[in-house]
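Please examine the model displayed here.

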Amino acid sequence: AELLGARLYTGPMFVKCNAVLRAFTKVESMIKQSKDLCEDNLFVTTLHTINSAFIKLSKIQAAQTVYRGMSGGRLPAEF
């Protein structure tokens with residue numbers, strides 16, 4: 001189940017999963033986006049399997065610094 005959940009999250013399904021989770025912030029625009037994308041489906045089982053997969057994968061990979069892309073940024077001269 002975890003393999004399937006992780007596979008779903010690496011595809012377009014991540015948009016719906018993130019929308020559901022962001023709706024819990026109680027930000028009105030996030031709630032609306034979740035309702036538009038997912039109606040009343042909270043994908044509870046899917047999110048649990050994705051979380052379980054992340055926990056299992058975290059045990060086989062050492063923690064590392066992750067760099068995220070940002071638009072409009074400039075690298076320092078030493079790069």
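K26 is exposed, with a relative accessible area of 62%; exposed means over 50% relative accessible area, buried under 20%, and partly exposed in between, with a 1.4 Å probe and protein chains only. This is a predicted model, in which local features need pLDDT of at least 70 and side-chain atom pairs count only at pLDDT 80 or more, while totals for chains, interfaces and linings use all residues. Residues are numbered from 1 along each chain as its sequence is written, and side-chain values use heavy atoms, with hydrogens and water left out.

K26 lies in the loop between α2 (13-23) and α3 (28-38). Helices are DSSP runs of H or I with at least four residues, and strands are runs of E with at least two, numbered from the N terminus. The phi angle of K26 is near 70 degrees, a positive value in a residue other than glycine. A positive phi, near 50 degrees, also occurs in F43, again a residue other than glycine. F43 is placed in the loop between α3 and α4 (44-58), and its relative accessibility of 14% makes it buried.

K26 also takes part in lining the largest pocket, together with A23, F24, I31, S34, K35, E39, D40, N41 and L42. A pocket is defined on a 1 Å grid over the protein atoms alone: it is an open set of points where a 1.4 Å probe fits, with protein on both sides within 12 Å along at least five of seven lines, and lining residues have an atom within 4 Å of a point. The space in the largest pocket is about 160 Å³, where grid points are joined across faces, edges and corners and the volume is the space filled by probe spheres set on the points. Which helix supplies the largest share of the lining? That share, three residues, comes from α3. By residue class, the lining divides into four nonpolar, two polar and four charged residues. Here Ala, Val, Leu, Ile, Met, Phe, Trp, Tyr, Cys and Pro count as nonpolar, Asp, Glu, Lys and Arg as charged, and the others, Gly among them, as polar.

The aromatic side chains come next. There are two aromatic pairs in the structure; rings of Phe, Tyr and Trp (its six-membered ring) pair if their centres lie within 6.5 Å, and planes under 30 degrees apart count as stacked, over 60 as edge-to-face and the rest as tilted. Y9 and F14 form an edge-to-face pair, at 6.4 Å centre to centre and with 80 degrees between the planes. Y9 and F54 are likewise edge-to-face, because their planes stand at 80 degrees, with the ring centres 5.7 Å apart. This second pair links distant parts of the chain, since Y9 belongs to helix α1 (residues 2-9) and F54 to helix α4, 45 residues apart. Together, Y9, F14 and F54 form one aromatic cluster. Its members are partly exposed: Y9 at 25% relative accessibility, F14 at 37% and F54 at 41%.

Finally, the structure holds zero disulfides, a disulfide being a pair of cysteine sulfur atoms within 2.5 Å. C17 is buried at 0% relative accessibility, and C38 is buried at 6%.
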